[in-house]
Amino acid sequence: MKNVSGRLKEVILIAAMTSVICVIAPISIITPFSIVPISLSTFAIILSVYILGLFPGLVSVVLYIILGFCGLPVFSGFTGGAQKVLGPTGGYIIGYIFLAIISGLFIDKFDDMRIRFFGIVLGMVILYIFGTVWLAFNLNYSFKDALFVGVIPFIIGDLIKIILAMYIGEKCKVSLNKSNFL
């Protein structure tokens, strides 16, 4: 059981990483080939889970989604509200929870970077599936059409975001450990 000081540190880190997600995630580019924007959301979520681990990282992601659902402009393009979560791209937002859980499990259980990378990619695949099914249902697309609109154009960028989040996350964890904050 954690002592009071340990719990306070964890709460501070969760709040800090929730804030980081809220600041980074809205940065996005609307593309001519898709209604799904290119955003830094997945980067911010992977970074949070990488630094915090499964449970605290998941809490920061859920808090981010709740803040956006309540109307704060923390989703792509500085949007927010229930209509964003329930709209065509909302499945990707809900999919962030699956990304956090699966990524967090691999990050917490394995020290090998290749296995962690595999786990994060697996989490991204589950996010893609959930978001694509949601997109197809909302826009009356076939799964294949939704895949070409909501996933295929983003794969290379998402792989780059995974690698960057892992690199930066590892550096942050080392720094936090050296500072005796964690």
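**Exercise 1. Is glutamate 170 buried, partly exposed or exposed?**

Work this out, then look at the residue that pairs with glutamate 170.

*Solution.* Keep in mind that this is a predicted model.

- Step 1: Start with the accessibility. The relative accessible area of glutamate 170 is 29%. Buried would need a value under 20% and exposed one over 50%, so glutamate 170 comes out as partly exposed.
- Step 2: Find the partner. Glutamate 170 makes a salt bridge with arginine 116, and their closest N and O atoms sit 3.3 Å apart.

**Exercise 2. Survey the salt bridges: how many does a search of the whole structure find?**

*Solution.* The search turns up four. Let's go through some more of them.

- Step 1: Take lysine 161 and aspartate 158. Their side chains form a salt bridge at 2.9 Å, N to O. The two residues are three apart in helix H8, so about one helical turn separates them. Both lysine 161 and aspartate 158 are buried.
- Step 2: Turn to aspartate 112, whose salt bridge is with arginine 114, at 2.8 Å between the closest N and O atoms. Aspartate 112 is partly exposed at 28% relative accessible area, while arginine 114 is exposed at 65%.

**Exercise 3. Which residues does valine 121 touch, leaving aside those up to four places away in sequence?**

*Solution.* 

- Step 1: Locate valine 121, which lies in helix H6. With 24% relative accessibility, valine 121 counts as partly exposed.
- Step 2: List the contacts. Valine 121 touches Leu159 and Ile162.
- Step 3: Compare sequence with space. From valine 121 to aspartate 158 you count 37 residues along the sequence, yet their C-alpha atoms are 9.0 Å apart.

**Exercise 4. What phi do phenylalanine 78 and asparagine 140 take?**

*Solution.* First, the background: most residues other than glycine have a negative phi.

- Step 1: Phenylalanine 78 is not a glycine, but its phi is positive, at about 55°. You'll find phenylalanine 78 in the loop between H3 and helix H4 (82–86). Its relative accessibility is 53%, so phenylalanine 78 counts as exposed.
- Step 2: Asparagine 140, also not a glycine, has a positive phi of about 55°. This residue sits in the loop between H6 and helix H7 (143–150). Asparagine 140 is exposed, at 72% relative accessible area.

**Exercise 5. How far does helix H3 reach from its first C-alpha to its last?**

*Solution.* 

- Step 1: Helix H3 covers residues 54–69, which makes 16 residues.
- Step 2: At 1.5 Å a residue, the expected reach is 22 Å.
- Step 3: Compare with the model: H3 reaches 22 Å, close to that expectation.
- Step 4: Now pick out the buried residues of H3. They are Pro56, Gly57, Leu58, Ser60, Val61, Tyr64, Ile65 and Gly68.

Key:
Residues are numbered from 1 along each chain as its sequence is written. This is a predicted model: local features need pLDDT of at least 70, side-chain atom pairs count only at pLDDT 80 or more; totals for chains, interfaces and linings use all residues. Side-chain values use heavy atoms; hydrogens and water are left out. Helices (H or I, at least four residues) and strands (E, at least two) are DSSP runs, numbered from the N terminus. The expected span of a helix is 1.5 Å times one less than its number of residues. Buried means under 20% relative accessible area, exposed over 50%, partly exposed in between (1.4 Å probe, protein chains only). Contact means heavy atoms within 4.5 Å.
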